[in-house]
Structures are given as C-alpha cells and as structure tokens.
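Please examine the structure shown below. The account after it moves from the chain as a whole to individual residues.

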Amino acid sequence: MFIQKILGSFDAVDEFDLLSKLAQLKGGQKKLIVLDDLIELGQNEKIDSFFNTFIRGCIDNNIFIISTSNYKIHNNIKSIHNDFMCEKEVILLSEQETLEIIESYPKSNDFNFKDLIYIITKGYPVYTQVICRYLDDKDWVIEEDQLMNFFTGNLFTDLTNETVKKVINKIQDEDTRNLLYRLNVIITNISDKEIKIVADCSPNINNPEEKISSLIGTWVQQVAISNYSISPLIKRLGTNNISESTLLEINFRLGKSILDKGSLSQIDVFNSIMYLSKAEKFEDAGFVLMSFLQHTVSKPEYFYRWNFDLLWFTTDLPNKMSLQLRLFIRTLHLLLESNRETEDRVQKEYLRTDLEKLVDDALIDKVDVYFPSIILSYSYLRENGKKALKYFTYYKNSYTYNNLPEELSSVLSENINQYNDALTWFLLMDISDLDSLNDWFNNFEKSSNIEDFDREQMDFFSSKLFSNFILKEEKKDLPDWEQLLKIFKNIFDKANQLNLEIFKVYSIKRQIQIASEKLNDIDQAEKIFKEYLSYFTDITAIYLITDEIGRQYFYKGNKDKSLEYLSSIADIALEKYLLVQIDTYSVLAKIYGEKNKNLAQYYITQALNFAKDNIYVDELWHIKLIGETAISLYMNNKIEDSLKELSKGYELLLNSFENDDAYKNVQLRYGNIISYINEHFLLGEIPEKSETHTVPYRGFFENSNNIADLYNDEKLVIIITMLVAFFEEIKDKETAHCWATKAFDLQKEVSMGNARMLFLNLIGYKILEDKYDEAVVEQIEIFNANEKYVAENKIGLPNFIKNYSIDFAIIASTINPICFRLLHRFILNEITIEQIYLTIKNLLNEFEKYIEDKQLIIDILDVINNYPASCEEGQDLMGHINKLENERFGHVQFLGYIICSMTMKSKLAIEAHLVFKDMFKVFSGSINLYIIVPFLVEFWKIKIQEEPSAFKGVRKLEENLDKVKSLKNKLQIQAIFALISESLNYKLSQNDERWLKDYYDEY
C-alpha cells in the first residue's frame, strides 16, 4: 500500500487499530489510497469482514480508494458498499499501446518480435507486464529453440503453480475445469464453434455452454456475443493438464476447422499451421505452408512481415514431414531469401546448406530434385561456378525436366526455356577445367536449338570461358602453354561437332594469342589462323580471328603484315557489344599515323564513334578515346580542334570523376596533354622538352603505368583555368564562361591550396553576372591564399603591385573593375550615376570590416558622387584626387581618372588614361577581355562622335576599334591606345612607347 509514504507503515493488529490510523488522515486536503493488485476476495469470511471495515473507515474519513485487480468485486463486498463503489473492467491495450510499453524498456530496441507480444497477450495489461519483465531479465534475447514456446506463451510460467491452485480451489466441477484447460489450447479469441470443437474431443464434455457461463467473469471474459477470451493467468498454465491424445486431437480439429473455411487470411494460415504441427500432422502443416510460400514467392516482404519466418525458416524442418515436401518448402525458402530486398547472407547460407543436404538425401532415395536443383544453381551462379554447374546438371538430368508438373509451373517463370538457355551460358563464368566443361557440353546437348540463344550472351561467356583457362595457367609455377593449345584444339573439335560456332571462334582466337604472346611464335600463330580459317563462313567469326592475328603482328612490330590483315576487315560493321572493333580501329590509327595522318584521324574517329552512346563502353574508356582523338588532331596540326576535343573529354571526366586511381590516372594524362598543347597554342611553337610534360603520342591514354600518386585536387582547377584561357584566346566567350563556372563550383568540393590564386583570371565572370559581392569574396580569399603562399615560400611581390594589401585587393583589384562594368552600362544609358553610387556604397558597407583604411570608402564614394558635368569639373575633380595622400591616391587614382576623363576633351582623356597604364597589368583574363576592353572601345567611340574633328581617319579608326577584340588578348588594350594616340596625333612619351612596343612589333 502506497500509504506508507505518509504513515511510514500501515500495519494494523485489529479493526480498532486500523480505524485509528485511517482517522489520522482525515482533514486538510483529500487523501487517496491506491491498492495495487488486490487479492481475490469472497473466499474467506474473516478477510472479507476486515476489508469491509477498511472501506467503511475510508468512507467515514473522506478517503478515496483506487484498486487494481485481476478479479471482479465479490458480492460479499459489493452488496454492502454499492452506493460508494464504482467497478470498471480493465480496458485492453491496443497494439500501439503495447508497442509503447515494450519500447519503454531500453534493452528492447533490437528485439525482432515486438508485434508478437500483442498477439500473445491479447492486450491484457498485467500479462503484457509479466512478459516484458521476463524478457527484460533475459536482455530481450530468445534462443531459437524457444521461439515456439515464446509464441504460445509457454515460456512465461512465473505464476503457473499459484494459478493451478486457484483453479482447483475455485472450480469444483471437474468437467468445467477440464473445459477451461482445453480452452487454453486455442490461440485466438474463443468462439462458440471452437468451444464445441474442444468439448467434443475425447473424452467428451457435455453441456459446454452451461459450463462456459460459470467461468465468465473470473476466468473467461466475454468480448462480444459468442466471442470470449481467456484470462492471462490461465494462459500461463499451458497444456500440461491435458492428456497427450486429447491434446493432439484438439489441435488437429482446430487446425482442420480453419482450413474448412475455404478462403483464408494470413493469420488463419499461420494458426492452422501451428495447430497442425502441434497435432504432429506435419505433412498437412507442410502442405499449408507450401501453398502459402508459393503465394508469397514474388512478394517476399509479406513472408517476413507476417512472421512466417518463425516456421522452420531458421530451424530444421520436421523429419516426420516427407522428404519431397521438405525439399519443396526449403527451396521456396531459399527463393524467398534470394528475392529479398536486403539479403541476409548468414540466413541464405544456412538455407542453401540445408537444401544441399536434402538434395543429397533425395538422390539416395531417388526423389526427383528438379526444382531445388535449378534454384540452387541460380543461387550459386555468381558465387561458385562449379556448384552452379553441378546443380544445373542435376536439374537437366532430373525426371521432371521434360515433364514439368503444374504445381511447379505456377512457381517458375513462364519463360522457363529462355531462362534455362540464359543460365546455360552463365554457367561458363567460372569453368576452368575439362571435367566441368564436359558436363556443360552434356547439358548443352539437351538444350534448345542454338538459334534460340542470345548471341551477345554467347560471345561474352564463351570469351570468359577461354580467359578462365588462360588465367588458371598463368597462376601455375610452370605454365604449359603447349598443353593448353591442345586443350583448346580439343574444345574446337567438340564445338565443331555441336555446331557451336562461337566456341570455335574463341578457341582459334585464343590459340593465336597464346602462340604469339606466350610462346612468342608469331609464325605458329599465323599457321593456326590459316589452318582454321576455312571452317568459318560467318562474317563476324572471320572478323574476330583476322583481327587477332592482325593485332598480334602489330604488337610484334610488323606493321605492314598487321595492316594487310586489319585493312581487310576495316569496313565490316560489328554489333555494339563486340568492343574488339575499337581495338581494330585504334591499331589502324597507329599504323597510319606514320604513313597517312588523315587516315589515322579517320580510324581513331571511327573508334570514338563506335564508343559513343555505346552502353557496353564504360565512361572512362570513352573519355580516353576522346583524348586519343585529340592527340591525333594535334599530330595532324589541328591544334585548336585538338584542344576543343580535349575540353569535351575533360568535361565528361569531371562530371563522372571518382576518387580512385583509374580516374586520377586519366585526369593526370589529360592534364599533361592539355598543358602541353595549350602551351604550343599560346606560344605558337612546340614546347621545349620538360620533366613536367610528356610529348603526346598515339596510344598515350592506353599507357597502364600507375601515376596516381602525382595527383592532387589543385590540378583539376589548374587545367580548367588553362581551358578558360584557351577559349578566351579563340574568342569563345560562352564556353570560357562555362568553364569558369565549373571552377567556381569545384572549389566548393575540393581543397584549392595555391591554385586559389588562379581565380584572379576568373573574377571577371562573377562581375559579368553582376554578382559583385561574390567577386569581392573571391578576391579576399585569393588575397589570403597569396599571403600564405608568400609567407611559406618567402618570395617578393611583382614590381607593379605597390603597397599590396587587403585594401588593394578589394579596392584596386575588385571595386575598380566593378565600376568599369557599371560605367560601361552608364554610357550605354542602361543605368544612372546615382545607381552606380548606391551599388558601390552598399558593396563597400558590406565589406567595410575587411577594409583597413576606412577613409578609402569615403574617398571613393566622394569621387562617384562628384561625377563631373563638364571638362572643367573633370579637371577640378582630378586636382582634388591628386591632393590625396600617396597611399590613398594609389587606390583611388585609377577609378578617379577614368571618371574625370568622361567629360574631358579627347587629348586630355588619353593623357589621363596613359597616366595609370601600369594598372592594367593588375588585371588579366576575363576582367581585361570582357570588362575593361569593351568599356574603352565604347568610351572612345563616344569621344569620336562627340569630337570627330579631333581625330584623323575616323571611319578607319572606328573599323579598327571594332577589330580590337579579334587581336591577341594580351595586346588588345595596347591596340586601343595605339590607335587612339595615332588618330589624335598625340605625342607619346618614351615610357608610353615602350609600353606599346609589343603591339607595334606584332602588328
């Protein structure tokens, strides 16, 4: 009693003592006494009297009572206190509530049979608690041999003796007591039909309806009309009080009554199997299970969801079940496990091993093994070729093979013959000895017509068979290649008898290979080719063996002989799965590379076209072929086309890149070739030999040397910046922009290291997209990377960068180009000066925390805000800028002079521009090409329109300004100033002329 928390104890020696202690609780707040699991009253008058006194005392002292009990209130109590008592039957737990109780035990997380607890307890709270406590003591682990006892509830026997004693004391009538025992056999809720079934079993129990009425309330609960459930306390009794013969009869009749219903639910099926197995009618139980398994074989999730894996799935099937039935059930078990979404390897191995034992027993007893053999063969197909072939041989030799019964047809695929044929070829995967191959030939002779087989399967698995033999020989300490040639000749003879053309082809193809590569005897290889050529009429067969001898001559260095053979088959078109055609074209390209570069280009292009959109060619091979095509273009002096092709391959490589040696090797080779050819393209001459470059050659991407240890993530970006520069140089702005975007995306995924500084050439693309804040962020990160690099390598800064700092990086290197972009839009009348001012103001405010000299923000905004309206105002503003302190002047001058020049006369404007010509060296790549150059061209076009008389040869000048973008990138800015100064007849200083010298020398 929980009243101990108030009184310390609640012992009472007599009624007076009891009432006295209850009186102490009176007064103040209302009190509540909870009686936990009250005993059954009504059996002892003295106890009943004392309990009545207790209740009366609680009522007199205004104390409430709540009691829990498995028993209804006896009339000895209820009749006296009826006005003050309220009795409510226990509300059964729902399935979800039961689950919540289970999950309140921390150790139950990995328990796999939570849903079964509800089935066992039927929702009774006390019984649920008993089971949970029992399992918790066992750490929620049930041994496999206890699963059946768990399901029936026999595992939980804590209170069995006490229950038996109460039943005996309470139920005096022996037949009533025996009926209660029999009801305990029933798994589900009890119906009138089931009461009659158990009562009619020998020895019969008469008048079961009357007897069940006397049990209602205490031992049996009436759930609905003609529907009852038995007390959980009785459930704990199990069936020990029923004779064995009676128990067997009860279970059999209960199981049969379920089957007599006709249409069954999964619960009906499960329960019928349980009853029949307890009745030791294992054959009947097995047939029910077999029927269910056939129904669920295509939907294995039902099998596991409905707990049918509890029925002999992890344990042996009963020996009293016929061998044939056990074979069929275990085969279906294996099929279910194989079709399962997440395969349990341990369980699959158990089922497979057990089924193999059953098959061995069946062969001894001459029981047909058709179905288990084909499923075992399928199961072992990708794991153990010998076992797969062994069981496939059993399958083909079985009586049932050509007499398939209807019950098997319903389980197996409708296209069983095509399946058999496909499996026939699959079995070649692991064959590497003559005994197994002879078994295969025997099975093949029993198969369908050769024309029904899929040619692709035949090619692949035939080739694999001969490769298996060669690989096995290579592993020997002393390979005997002459002996293997004899074996292959014997295989040829057998294949010739069976009209197996594909076997004949690969037999000769591999003999040629062995003679040339293993025995180093190309003459013997050619002799084999000529000896057997007449056996073939199929054009594909002729192609395969001719290609082999042709390529073997190439590998031996005899290109003329190789060309003689390969050119004879060059125009034959093969199916896409015959990838040997790529090898043929590739070798022809290498041979013609020294004789006819156009033909070499033709054949490597043919190889690439064969691989393109070919599902049988993996992505990496396709990428390598693109690289080989690019090298061929380069060797044919098509440098620009070569780099375009490399760009396509490199894009595919990045899109599918994986962090393994295969991809790293291809990336490094692409990097080498792109770097080499790009350097040739930019310099206009073949690069000097260098340790960092390998000179391109045909077959470069076929090199198998592993150079993956040279790889680092930075190289991915380095190559991208080279491609950006290339496409900028050939005036393909769109593709250059796409590659720049890839570089920005890539930096989010990989470590950039020192490669971060290469992004200086790419920032212009961010500005072109009007992503000004991102451009500033990039510049800050580049500055930080540069600072780290300078510190680590202790190098000096370029001479043209004075007072290099974070302010220089943000203001001079980023804000200035952004202003150029905005001013360009201004002179095109797309935006106003006020909008420029607001944009720059917001940008500077956003990054103010990074700028060390805050006065720079004020000075820059002041320059923009005082945009001149006339030449005089421009000159005044320039005078104001010139008065700035030296350090600030260096940051503001570039932008300030440009703004001042906007309203100046042309000669004053060019003079102002030439003052800061050295600043153009700060910019490169996209900023120069797509921001500064377009601005300057437009700026001077407007000046020409405003002041045409100041220029000579206006029309020619305008034409030449339009051509500036077609010049070499590095000379475009100089070209503008050279053209303008000449047209204006402006006197250049010696310093200016030195700056323009490269342009004058080139043009």
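The model is predicted. Its chain has 1003 residues, and buried residues make up 50% of them. The secondary structure amounts to 49 helices and five strands. Of the contacts between residues at least 6 apart in sequence, 67% join residues that are at least 24 apart. The chain exposes about 49500 Å² of accessible area, and 47% of this area is supplied by carbon and sulfur atoms.

Helix α24 spans residues 434-445 and helix α26 spans residues 481-497; the two pack at an angle of about 10°, and their axes are 12 Å apart. Because an angle under 35 degrees counts as roughly parallel, α24 and α26 are roughly parallel to each other. On the side of α24 the contact is made by L434, L437, F441 and E445, while α26 contributes I487, I491 and K494.

Apart from neighbours within four places in sequence, F441 is in contact with I491, K494, L498, L500 and F503. A further pairing concerns A495, which is 54 residues from F441 along the chain; the C-alpha atoms of these two residues are separated by 8.7 Å.

N499 is found in the loop between α26 and α27, the latter covering residues 501-518. Although N499 is not a glycine, its phi is positive, at about 60°. A positive phi also occurs at N829, again a residue other than glycine, with a value near 65°. N829 is placed in the loop between α40 (806-827) and α41 (833-846). With a relative accessible area of 71%, N829 is exposed. Another feature concerns the peptide bond from S202 to P203, which is cis, with omega near -5°. P203 lies in the loop between α11 (192-200) and α12 (208-215).

Attention now turns to charged side chains. Side chains of opposite charge can pair when their charged atoms come close. A search of the whole structure finds 34 salt bridges. One of them joins the side chains of D139 and K107, with an N to O distance of 2.9 Å. This pair links distant parts of the chain, since D139 lies in the loop between α7 (125-137) and α8 (147-152), K107 lies in the loop between α5 (95-103) and α6 (114-121), and the two residues are 32 residues apart. D139 counts as partly exposed at 44% relative accessibility, and K107 is partly exposed with a relative accessible area of 48%.

Another salt bridge is set within a helix. E526 pairs with K530, and the closest N and O atoms of the two are 3.8 Å apart. Both residues lie in helix α28 (residues 522-532), where they are four residues apart, about one turn of the helix. Are E526 and K530 buried or exposed? E526 has 10% relative accessibility and therefore counts as buried, whereas K530, at 53%, counts as exposed.

K771 and E769 provide a further example, their side chains meeting in a salt bridge at 3.3 Å, N to O. K771 is partly exposed, with a relative accessible area of 33%; E769 counts as partly exposed at 28% relative accessibility. Salt bridges also join K509, D547, E548 and R551 in a network.

The last stop is on the surface. L32, F64 and I66 form a nonpolar patch there, and together they have about 290 Å² of accessible area. L32 is located in strand β1, which comprises residues 31-35. With 48% relative accessibility, L32 counts as partly exposed.

How values were computed. Residues numbered from 1 in each chain as written. Predicted model: local features only at pLDDT ≥ 70, side-chain atom pairs only at ≥ 80, totals over all residues. Heavy atoms only, no water. Patch = residues over 30% accessible without salt bridge, like charges linked within 9 Å, V, L, I, M, F, W, Y side chains within 5 Å. Areas by Shrake-Rupley, 256 points an atom, 1.4 Å probe, with all protein chains shown as cover. Salt bridge = Lys/Arg side-chain N within 4 Å of Asp/Glu carboxyl O. Buried < 20%, exposed > 50% of the residue type's maximum accessible area, 1.4 Å probe, protein only. Axes fitted to C-alpha atoms, helices over the stretch in contact; angles between N-to-C directions. Parallel < 35°, antiparallel > 145°, perpendicular 65-115°, else oblique. Contact = heavy atoms within 4.5 Å.
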